[in-house]
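User: Could you walk me through where the ligand sits in this one, and what surrounds it?

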Amino acid sequence: MTTSIIHQDWPEPIVRVQSLSDSGLCHIPDRYVKPPSDRPLDIPRAAAFSDSSANIPLIDFGGLSSGDEGKRAEVTRQVSDACRDWGFFQVVNHGVSPELMDRAREVWREFFHLPMELKQDYANSPKTYEGYGSRLGVEKGAVLDWSDYYFLHYLPSSLKDCRKWPSVPDSCWEVIDEYGKQVVGLAGRIMRILSINLGLCEESLQEAFGGDDIGACLRVNFYPRCPQPDLTLGLSSHSDPGGMTLLLPDSNVPGLQVRRGDDWITVKPAPHAFIINIGDQIQVLSNATYKSVEHRVIVNSSNERVSLAFFYNPRSDIPIAPMEELISPGSPALYTPMTFDEYRRFIRLRGPKGKSQVESLQSSR
Ligand code: OGA
Ligand code: NI
């Protein structure tokens, strides 16, 4: 058995995509080849950001701390428009330290460049997904994505288990911990804006998430170079199952694509921006005023890509349903209640599958 193959309750031996990429093969194995309808049409050749075409809205949160009511109202309105129109936006001057963002990304890049034997100590299993992983979903024979990842919990604190965090590189715990604290702070600020935009009290959405008992976890995605990027995806099309995602993208390498009608828009991040998107749980709580939008990741042959996806989720054991304030005889509840624990089981069994799951919750009216 080579060091890149382990079992641990997965349906098949796990192959690290990074090992495949490093082996220098010219053709990707069949199980990474997507059906033609799912393949990306146009891979940026130089794997660099082009400035042509559309981009998701860019919002400057600087206006929120200016003390100027007009500016605050303008930022709040921009968030409202972005949530309704795109389900995605990027934000700058958001209060998270830019140096910390850079350090966090670099610490994780270093982790992925450690020798494989060291990384294997953190190999994850489908029981909790914590640790170093190379697939979502446990369906035997599934077509896989061209990426590895690391998954860990921050909240609730009962699930935060630093023994499952990497202990190398040095000082990574502090960076990972502080990053989590600051990003939770930003998520809380955005939750208040969303509440106001939905016509609710500032704390309503947070309370609907379970107050202080919300969940927060991180998935660090590592997309190795790929010799045939036009045949595969780094991450298949999906909507995020949780509440809201705060993504720190790679600053140099494009990859994230957001669905816009029949098109896929390649996101061009602003320096030190976070990319924010609405997850399925906010779609349900807002009774579809805000919708989670499908997205996917393309890979390329010249550069690896690292991204940090921070998921801000409702407490996992309370039923999530459209908020009472948002339903009326003219606007009935569109979804049947489900706890997030139950909801998350689907993606963990079946892997990323577009928006099929939130659609399955639609009440038959
Ligand atoms: C995710 C995700 C996008 C990216 O982890 O859910 O959509 O750019 N990541 O890595
Ligand atoms: Ni996602």
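Analyst: What follows covers the ligand site and then the cavities of this predicted model.

User: Ok, which residues come nearest to ligand 1?
Analyst: There are 14 residues around ligand 1, and the ones that come nearest are Arg219, Tyr223, His295, Arg305 and Ser307.

User: And how far are the polar side-chain atoms of Ser307 and Asp240 from its oxygens?
Analyst: A polar side-chain atom of Ser307 is 2.6 Å from an oxygen atom of ligand 1, while for Asp240 the distance from such an atom to a ligand oxygen is 3.2 Å. Arg219 also takes part, with a side-chain N or O atom 2.8 Å from an oxygen atom of ligand 1. Taken alone, ligand 1 exposes 290 Å², of which the protein buries 98%.

User: What's the class make-up of the lining?
Analyst: The lining of the largest cavity has 17 nonpolar, eight polar and five charged residues, whereas the shell around ligand 1 divides into seven nonpolar, four polar and three charged.

User: Switching topic, what volume does the second largest cavity have?
Analyst: Its volume is about 100 Å³, and among the residues closest to its centre are Ile347, Lys353 and Gln357. Helix α8 supplies the largest share of that lining, four residues.

Conventions: Residues numbered from 1 in each chain as written. Chains lettered and ligands numbered in written order. Predicted model: local features only at pLDDT ≥ 70, side-chain atom pairs only at ≥ 80, totals over all residues. Heavy atoms only, no water. Near = heavy atom within 4 Å. Polar contact = N/O pair within 3.5 Å; in protein donor to acceptor, adjacent residues only side chain to side chain. Areas by Shrake-Rupley, 256 points an atom, 1.4 Å probe, with all protein chains shown as cover. Nonpolar A, V, L, I, M, F, W, Y, C, P; charged D, E, K, R; others polar. 1 Å grid on protein atoms, 1.4 Å probe; cavity = no way out; pocket = protein on both sides within 12 Å on 5 of 7 lines; lining within 4 Å. Points joined across faces, edges and corners; volume = space filled by probe spheres on them. Helix = DSSP H or I, 4+ residues; strand = E, 2+ residues; numbered from the N terminus.
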